[in-house]
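This report goes through one structure, part by part. Keep the sequence and the 3D view at hand while reading.

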Amino acid sequence: MTASVNTFYDYIIVGGGVSGQCLAYFLAKELPTASLLLIDRDPDPDYNISFWADSEIPFQAFLSKQWTKIAVRYGADRRVCPLNNYRLQAFWRADFDTYLHKELTSLPNISFQEANVKALDEHGDTVDVQTSSGTYHGSWVFDSRLNIAALRQNDSNLMLMQGLAWEIQTNTPIFEPDTATLFDFLVETPEFDFVYVLPYSETYALVNCAFVTPYETNIDKATCEAVLRDYIADRLGIQHYTVEKACYGRIPLTSRPFPRHSTSRIMPIGVRGGMVKASTSYAFTRILNDSQSIARSLAATGSPYYRDQRAWYYRWSDKYTAKVFSRLPKLAQKLMFSMFHPETGDLSLRFLDERNSLRENQSLFQHIPRPVLTEFLLHLIFPSLP
Ligand SMILES: Cc1cc2nc3c(=O)[nH]c(=O)nc-3n(C[C@H](O)[C@H](O)[C@H](O)COP(=O)(O)OP(=O)(O)OC[C@H]3O[C@@H](n4cnc5c(N)ncnc54)[C@H](O)[C@@H]3O)c2cc1C
């Protein structure tokens, strides 16, 4: 990072992770004459991020692979769903950082500062950003520092997605390179847990186990390693392989609303701004859309607060769906599995993206067995049901 010289900026972004860099990119595009400071304290660990999209995302060069079919599995039952417009895609954080850093450093209006941000102090039309290398002043500040203590205080039912990813190399062809396993639900455990498999070639794949648990439940790395070892041997039938890359991670999941308007000139972004969808734990495309919307709103109105375009039933249902998922994880697995059929690949992903109309959802829900849907809806509508 290059040191900044000024202390006053139009926009200051705290945290140069995924949301900080995405927002810097879109602000620079929409407001090319505005001055912008990106402050980050240290490099982040590398990890794999996957997402689905039915159109090209604005920057592409760091993506490592796309899949045209997704598979889901529940016990012995496996379904393969070809995708028409959607693609499942993935990348590594380190590739994303390298690409975005190169793009952003080529822009004249962005400065970078390596520093620990200690406090934000808003007064009048200015926010003072106190850091380990001095104080900077911004008209608007976007904050992506994760604050677990605040999340836990705000949500007594805070959940956690935790898990381990291995990239493995086999010596014989075993994977179908065009088919990614999105969910292979582990049905014999008490949690909402699953494995996903992203094959890069016939002999190379990312295998990731994921557990959704109450925040206090710790599924440590050794437990995850044992789950992956068993899965690779028993489910995939692979005896000889090498682990080329590994990453253990945790994402907090909350269904409580995020206080985005808590102050007038400091806006939380990224995970801190509520971009993790509580019922799926996916965040990347939400972060992209949010960054683009903030930049467009600032360019059009001078304010970053834009109108949430999601239909009311999505805004309402995600919050309560996550609660049902946390109380009845096994019902949640059945519900998720039964949404995916060979003819509903795109429709299911569009539903998870909260973009289907009510009519499209109606046709999707017809595929879910009545007892599963009824039990889920009863718990959704009457949260105090035992
Ligand atoms: C292991 C893992 C796997 C994930 N996989 C997926 C996935 O497959 N699909 C998906 O959609 N989402 C995924 N996510 C969720 C989400 O996409 C990522 O967490 C994403 O990085 C969130 O972006 P962010 O900007 O909110 O946080 P980060 O990218 O973590 O950025 C926050 C930044 O703030 C900086 N910072 C923190 N404190 C300070 C401070 N005091 N001063 C200065 N800087 C500070 C940090 O250094 C960091 O760079 C995953 C998350 C994890 C952890």
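## Two loop residues with positive phi

Glu354 lies in the loop that runs between α8 (345-352) and α9 (358-365). The model is a predicted one, and in it the phi of Glu354 is near 60°, a positive value in a residue other than glycine.

Ser281 is another residue with a positive phi, about 70°, although it is not a glycine. Its place is in the loop between β17 (266-268) and α5. Ser281 has 17 other C-beta atoms within 10 Å, so it is partly exposed.

## Ser264

The loop between β16 and β17 holds Ser264. This residue is partly exposed, because 13 other C-beta atoms lie within 10 Å. Between the C-alpha atoms of Ser264 and Ala90 there are 36 Å, and the two residues are 174 residues apart along the chain.

## Domains

The domain assignment divides the chain into domain 1 (8-45 + 92-150 + 258-301), domain 2 (159-253) and domain 3 (312-381). Taken over C-alpha atoms, the centres of domain 1 and domain 3 are separated by 33 Å. Four residues from domain 1 and six residues from domain 3 make up the contact. On the side of domain 1 that touches domain 3, one residue is nonpolar, two are polar and one is charged.

## Surroundings of the ligand

Which residues come nearest to the ligand? Out of the 30 residues around the ligand, they are Gly15, Gly17, Ser19, Gly249 and Gly270. Sorted by class, the shell contains 15 nonpolar, 10 polar and five charged residues.

At least two residues come from each of α1 (18-30), β2 (36-40), β3 (48-53), β16 (241-253) and α5 (284-301). In terms of domains, domain 1 and domain 2 each supply at least three residues of the shell around the ligand.

## The largest nonpolar core

The largest nonpolar core has 93 residues. Those that touch the most other members are Ile12, Leu23, Ala24, Leu36, Phe142 and Val207. Helix α1 gives this core its largest share, eight residues.

What does Phe142 touch, not counting residues up to four places away in sequence? Its contacts are Tyr11, Ile13, Val14, Leu23, Met267 and Ile269. Leu23 is therefore a contact of Phe142 and, like Phe142, one of the core residues that touch the most other members.

Is strand β12 (residues 159-170) largely enclosed or largely open? Nine of its 12 residues are buried, so the strand is largely enclosed by the rest of the structure.

Strand β12 pairs with strand β15 (residues 204-214) in the antiparallel sense, over 11 bridges. In this pairing, Glu167 has Leu206 of β15 as its bridge partner. The pairing of β12 with β16 is also antiparallel and runs over 12 bridges. Ala165 stands opposite Cys247 in β16.

Technical notes. Residues are numbered from 1 along each chain as its sequence is written. This is a predicted model: local features need pLDDT of at least 70, side-chain atom pairs count only at pLDDT 80 or more; totals for chains, interfaces and linings use all residues. A residue is near a molecule or strand if its C-beta atom, placed from the backbone, lies within 6 Å of it. Helices (H or I, at least four residues) and strands (E, at least two) are DSSP runs, numbered from the N terminus. Ala, Val, Leu, Ile, Met, Phe, Trp, Tyr, Cys and Pro count as nonpolar, Asp, Glu, Lys and Arg as charged, and the others, Gly among them, as polar. Domain bounds come from an automatic or database domain assignment. Two residues are in contact if their C-beta atoms, placed from the backbone, lie within 7 Å. A nonpolar core is a set of buried Ala, Val, Leu, Ile, Met, Phe, Trp, Tyr and Cys residues joined through C-beta atoms within 7 Å. A residue is buried if 20 or more other C-beta atoms lie within 10 Å of its own, exposed if 12 or fewer, and partly exposed in between; C-beta atoms are placed from the backbone. Two strands pair if DSSP finds at least two bridges between them.
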